[in-house]
There are 4 protein chains.
Amino acid sequence: MSQLITDMAILAGEVPLEEVQDQLLSFYQKVRGETEGLAASLSAEDMQLQSMPDASPTKWHLAHTSWFFETFVLASRLPGYQVFNPHFNHLFNSYYNSLGTPFSRSERGLISRPDLGQIYEYRKAVDVGMQTLLSDYPVSPNLASLIQLGLNHEQQHQELILTDIKHALSVNPMALAYSDALPEDEGYPLEPLRWLKIPRGFYGIGSDGNSFCFDNERPEHQQFVDEFRIASRLITNGEYLEFIQDGGYEKHRLWLSDGWSLIQQNQYKSPCYWRRNESGWQQYSLHGSVTLNRSEPVYHLSFYEADAFATWAGKRLPTEFEWEAAACHLRRPDQMAIANFLEKRHFKPLQAQRGHTQFLGDLWEWTSSAYLPYRRFRTRADAVGEYNGKFMCNQKVLRGGSFATPADHIRISYRNFFYPHQSWQFTGIRLAGD
Amino acid sequence: MSQLITDMAILAGEVPLEEVQDQLLSFYQKVRGETEGLAASLSAEDMQLQSMPDASPTKWHLAHTSWFFETFVLASRLPGYQVFNPHFNHLFNSYYNSLGTPFSRSERGLISRPDLGQIYEYRKAVDVGMQTLLSDYPVSPNLASLIQLGLNHEQQHQELILTDIKHALSVNPMALAYSDALPEDEGYPLEPLRWLKIPRGFYGIGSDGNSFCFDNERPEHQQFVDEFRIASRLITNGEYLEFIQDGGYEKHRLWLSDGWSLIQQNQYKSPCYWRRNESGWQQYSLHGSVTLNRSEPVYHLSFYEADAFATWAGKRLPTEFEWEAAACHLRRPDQMAIANFLEKRHFKPLQAQRGHTQFLGDLWEWTSSAYLPYRRFRTRADAVGEYNGKFMCNQKVLRGGSFATPADHIRISYRNFFYPHQSWQFTGIRLAGD
Amino acid sequence: MSQLITDMAILAGEVPLEEVQDQLLSFYQKVRGETEGLAASLSAEDMQLQSMPDASPTKWHLAHTSWFFETFVLASRLPGYQVFNPHFNHLFNSYYNSLGTPFSRSERGLISRPDLGQIYEYRKAVDVGMQTLLSDYPVSPNLASLIQLGLNHEQQHQELILTDIKHALSVNPMALAYSDALPEDEGYPLEPLRWLKIPRGFYGIGSDGNSFCFDNERPEHQQFVDEFRIASRLITNGEYLEFIQDGGYEKHRLWLSDGWSLIQQNQYKSPCYWRRNESGWQQYSLHGSVTLNRSEPVYHLSFYEADAFATWAGKRLPTEFEWEAAACHLRRPDQMAIANFLEKRHFKPLQAQRGHTQFLGDLWEWTSSAYLPYRRFRTRADAVGEYNGKFMCNQKVLRGGSFATPADHIRISYRNFFYPHQSWQFTGIRLAGD
Amino acid sequence: MSQLITDMAILAGEVPLEEVQDQLLSFYQKVRGETEGLAASLSAEDMQLQSMPDASPTKWHLAHTSWFFETFVLASRLPGYQVFNPHFNHLFNSYYNSLGTPFSRSERGLISRPDLGQIYEYRKAVDVGMQTLLSDYPVSPNLASLIQLGLNHEQQHQELILTDIKHALSVNPMALAYSDALPEDEGYPLEPLRWLKIPRGFYGIGSDGNSFCFDNERPEHQQFVDEFRIASRLITNGEYLEFIQDGGYEKHRLWLSDGWSLIQQNQYKSPCYWRRNESGWQQYSLHGSVTLNRSEPVYHLSFYEADAFATWAGKRLPTEFEWEAAACHLRRPDQMAIANFLEKRHFKPLQAQRGHTQFLGDLWEWTSSAYLPYRRFRTRADAVGEYNGKFMCNQKVLRGGSFATPADHIRISYRNFFYPHQSWQFTGIRLAGD
């Protein structure tokens, strides 16, 4: 478990190296297995699909995550390791300019060869290398930390495998399902939305380094937050439908200027994946086309939609600091167990259960904060330094993870980020107010 | 063989119906088998690729050609035939608006399902249906004629399978080969280019209806052609290289205005698929990357390139009427046997052999003629009427077939057509002069 | 008058040089004055407008036509002539790559300086130079011919001044009029459309050189034309309205494939400049917005619209050879006097009068012919050789001139050409049939 | 002077209404006169130019600022006022959707009519109305406040007149000058760049309402700022040249990812308006093309360029709070007198004089802050509420005003904002460090 061994502990030498390596090896095997499990229901042809430049083929995700270990770990650290195929450094590099020009992002769907079989051989070869490294060689704290990064990186791609294949399959007019196991609707009544008061004060923001975190969660610092109120659950399809029915997509006053341009140009009238037919609103989902359930959280919203909804509701989105303060303040001992994470295999957000605030799991929650470095943030000087810092412009912070996020990947200080127009991710709305 | 039974004979009832049906059935089996043979060396992933809107996935070609028979023949003519899958009419309709809105052309590469296995089952179901129809039912002359059209249509897609997969595989940086059987270069000297004089006079243009033809080859008519000279073979890579080395791509005076804009905007400096490395010019081919052979015909030229070369050479391209007149005038008894057609499985144009004029096979030859209807041309009133007529604008006529054309598909009166900027087809140059 | 002195006569020395020069000088003064007359009702601000890359500002037309004389004539032929401003060669070169890179076509509207006053000084300086040359120096036949070309070139730009300013003013929501003198509608009944039979035979096509012509009208040659019928007048707004009301813009079967794509993408439902309001169809014209007159010729059609209308009507467009044959065959002694040319200052096409076939004047008539060189056409080797030849691809031939064409500029052999999608020109429909 | 009467004072009724109205009238006359003064050296043709959608014609600025007074003030508040021309509400509305669909922003350069004379009549009519209103009628505090907004709005457009005409004239290859009065270079040595320490603490951010401010400067609040250092002057051309010469535009590690994409796609190698010729670097300026002066502040940088330079220098850009804290902390009594504002008519940034920190005037300074609402910010419910709030996404805050900003328009709390890719504004760099 990534939570068990911390970078700080590793780097401080507090844990015996063998124990660190054992735990890393076990984490490695779990993560790698999960990735392949997500692809198991897909054919080689499905895994080839790229339906837009932002979304990558499953096959590419399978290869890229392996390339990460090969390039940053095995190539220089495992004695005798032979690069699997010299073309792969070009093909499966995502955006690390330090390592050469990456293959064109929008053409990833055109890589029929290596075929899927070869990709699995590649994964296997990397797995053998990593297992050898972690079993037979002493691993420095720095290297252990890098391997942890690689595993968390692969977990990020697990979620992307789902968001991207959903988009790709949605293009097919046959309403394909990624998963046939649609969770049953239990039919209990919708929890009313309550407003939870969070007191003013200084709150610790960011990771304290006692567990793994990405560089963008550092440095930890104190942030003053004024009193505010935050919603007790996510906004539902039913609530969003009221916004639509009240002319939400026609009232310019509710929208940010760039958002208004976007919906005008594209004639957007409802969220991505909603379709209306004679029997009412349908929603394309990982379980195929389903009737819209008014009690479930609304998802696949752009930031602009989330913001316009909040304005319409007379509320606002929380800042990322408010979100983090509230999530800490309202933390419950059982929340990780309750939360709707990837391991539950629901493949969709669930209706809020009594007492569950949904801060973690279900859906990534748009905040009003621009994605910017924390004060005194520094990028690393090596190639891995391209990881997060260079994206700190034009994007918005999202918090909390989704039903597609592994439980051991998320934490309250986690900062995700997307462009405000993007809606193919599993994104939802939590309101705040003063 | 399509040449054996003619529409005219069928329609006139000159041939006993059983004989017609027997021959059609045998032609059907041959063509369908050839199509699948061309796909045999490709994986399901390869067959999924669509590298540009103009080019379609192999899988789509396999399905579309079957859709043609299902839609135009089986659905209405075979008693009890069940449509294989109602979605296929949308997915595999190319451009027949009469039959509903076709699935977006540029998204054909996003159809992972039906998967390849289902496509082969579809082909099988259509084959069974067609065989039943041709074996067990009397087929009217009109229907026989429609089946012949379907088979010639499928032969057209055989060539497209090759042009399109070549383009798709070329995007992959690993220089993939479609075929490993690169024909040996026999090393004989290049035939000098001679100028053959064709006398002035009226020439019969178009098909006389004594063998199968497309609607655009009709009506047959007489065309006056002045005396001219025509080259005894295709232009070679070596000759085209002289044009490049003489600054052909930098001299605006050689180019049509639209062509000059095209090469300026795209920074074209050589034909599509040519790459220069330290050891000289390489050419991406169906056999992977090969060293440019100066004696072989130059191919993958746009009309603009062909025209600019002709201007540079002080010559011109022939009109389609000149081409047809010359091809008739110079016809030799053995030309079909010599010609480099698909059946030879060379998958490339060959150096001209002594005495072979290359009018048929090797490469489609750009003419200077705009693709326009022959006088009194009429489109058919039914859906098949969309076949050729609606494309008679903005395109140029090409003649003669290529190494990817089946021998029993081509004829002297055959009119192919592409937009002047297109170069992913197997296109070459034959010069003419006054 | 350009018709009075012919190139042939000039070049053959049949006319005394002084007489040639006198006539040229008088023609020069007339043409130059007419150009300025067309601009007289426009402000400097109007003349600055460029509403799309295809259309140029009036100011630019005023300058470019002067640049033609300065560059091709005065700079090298008038002793002591000083170039007016060295920047102008860059700014006012249209497309002559031989003379340097022209200023970006789509940015012509951004040339505020030289201001209009300076452009008129430029015109004046060129006029002084040209008058000096023609009065004080002996002019060689070749130079005389070049000056004639320059004057015909300027006449072409007179028509473009009108087409381009109409487009530019149309963007303004205030329905501006170029001219206030709207011709009165005389209210006589519409001439019925009759079908005139043209006998089969060889017809002389192109200019015989006995009057000025552009290079694309040469060489003159004989063309065999089969018997056909041609409409006795242009198609009217009322007739085109029937096509619209019959769903012409919704029936794909009527359209060429490229045309169908164009109208689908742009949601075209009626001709350019037609607008429907509560009181019916309005038409934006050089006289501002007017109620559609059903008896007047329909104009501003793309080739695709003209072709679809013809298909709907069960007819076709004539070839350019048929058009020329018919125009010759039906020629009447008084046609030049009757015809609606620029000199009449109607600034719109007129309802056909009894017995007037409208072959010349009123509207340019789309033919079905691609714009291609006549056999043995050769471009000139000098910069003027860029005049017509390099455009002989992707365009369609139009014949007959319009209400914006000067009477002494047009002739039966005249070949105009535009892309099939273009509709900002004064284009109309004449039908043909077999 | 806008500073003299405050909203608060007005609204509180502390100042006698007549005095308020007198001061407003005098401010009105000054601002309106200044706007026309800036246009005085331009021709009607110059004022028509629109060289890109972001930049508007001078003529449009002249009209739009008048439309603001007519629409928000005169139409409803001045008894008997007649709207000047009903079309103007459509033509000269910038982005107030509440008032109808604005005329297409990218087509503002196509409004030749109303011509410039009519625009000046429009200004005159509005001036007469406003003077009547302010002289003859009692004006409510709310209305007085709205008039102040209108005047500050017009001052914003004064700066835009200069940025936009500079861009428009730069397209002209003749290197046109807006102003001929190039300030003399006094040749004194460059002030060394010093690092000024600003102590940690809470700083008041935003306007206290004791002078006019825009809504985005409110509410005033306390912000904790850690200790930091800030540069004593702007970065110079010479310093930026070192960055270029060190390969700054080729090193991806220095750039934000979106910035790197931008400069790669556009092949940017130096700031906008820099040109290199045989005698070295030239800069296009409001005085035409001038030799680059290494001691003057570098300007016309995008945020990406500013950020990459800071990274290269081992520093960073300040946050907007740091900037405001530093500007307050380092405030000097004479700074308004020293500063290079519009009234000085230098039309360019000046070399830093001894002891002048350049916080105000010279150039707008990019901060690292995203343009977001201050806590508890609320937009107004009326049409004026569209003023600032709807732009609070995707933009970056700039501070301090430029040489084109009127002195009585700027203040330390002033928040300007542009997209990170924009560089046609007068933008520069001030560095910060920890």
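Visitor: Is B:L91 buried or exposed?

Guide: Buried means under 20% relative accessible area, exposed over 50%, and partly exposed in between, with a 1.4 Å probe and protein chains only. B:L91 has a relative accessibility of 1% and therefore counts as buried. Please note that this is a predicted model, in which local features need pLDDT of at least 70, side-chain atom pairs count only at pLDDT 80 or more, and totals for chains, interfaces and linings use all residues. Residues are numbered from 1 along each chain as its sequence is written, chains are lettered from A and ligands numbered from 1 in the order in which they are written, and side-chain values use heavy atoms, with hydrogens and water left out.

Visitor: Where is B:L91 found, and with which residues is B:L91 in contact?

Guide: Helices (H or I, at least four residues) and strands (E, at least two) are DSSP runs, numbered from the N terminus. B:L91 belongs to helix α4 of chain B. Contact means heavy atoms within 4.5 Å. Apart from its neighbours within four places in sequence, B:L91 touches A:P173, A:M174, B:W60, B:F103, B:I111 and B:P114.

Visitor: Which peptide bond joins B:R113 and B:P114?

Guide: Most residues other than glycine have a negative phi, and most peptide bonds are trans. The bond between B:R113 and B:P114 is cis, with omega about 5 degrees. B:P114 is placed in the loop between α4 and α5 of chain B. In chain D, the bond from D:R113 to D:P114 is also cis, with omega near 5 degrees, and D:P114 sits in the loop between α4 (88-91) and α5 (116-136) of that chain.

Visitor: Which phi does D:Q358 have, and where does D:Q358 lie?

Guide: D:Q358 is not a glycine, yet has a positive phi of about 65 degrees. D:Q358 lies in the loop between α11 (335-338) and β8 of chain D, and is buried, with a relative accessible area of 1%. C:N394, not a glycine either, has a positive phi of about 75 degrees; C:N394 is in the loop between β8 (364-370) and β9 (396-399) of chain C.

Visitor: How many aromatic pairs does the structure hold?

Guide: A pair of aromatic rings is described by the distance of the centres and the angle of the planes. Rings of Phe, Tyr and Trp (its six-membered ring) pair if their centres lie within 6.5 Å; planes under 30 degrees apart count as stacked, over 60 as edge-to-face and the rest as tilted. Over all chains there are 159 aromatic pairs. One of them joins A:Y95 and A:F391 edge-to-face, at 4.9 Å centre to centre and 80 degrees between the planes. This pair links distant parts of the chain, 296 residues apart: A:Y95 is in the loop between α4 (88-91) and α5 (116-136) of chain A, and A:F391 in the loop between β8 (364-370) and β9 (396-399) of chain A. A:Y95 is partly exposed at 26% relative accessible area, whereas A:F391 counts as buried at 14%. One aromatic cluster includes A:Y95, A:F391, A:W67 and A:F417.

Visitor: How many residues does the contact take from chain D and from chain C?

Guide: The size of an interface is often given as the accessible area lost when the parts come together. The contact involves 30 residues from chain D and 30 residues from chain C. Buried area is the accessible area (1.4 Å probe) that two parts lose on being put together, summed over both. For chain D and chain C this area is about 2,400 Å², with 60% given by carbon and sulfur atoms. D:E45, D:L110 and D:R113 supply 32% of the area that chain D buries against chain C, more than any other three residues.

Visitor: How many salt bridges does the rule find across the interface of chain D and chain C?

Guide: A salt bridge is a side-chain nitrogen of Lys or Arg within 4 Å of a carboxyl oxygen of Asp or Glu. The rule finds 4 salt bridges between chain D and chain C; one of them pairs the side chains of D:K59 and C:E45 (2.6 Å, N to O).

Visitor: How many salt bridges are there across the interface of chain D and chain A?

Guide: The rule finds 8 salt bridges there, including that of A:R375 with D:E322, whose closest N and O atoms are 3.2 Å apart. Chain D and chain A bury about 2,700 Å² between them, 43% of it on carbon and sulfur atoms.
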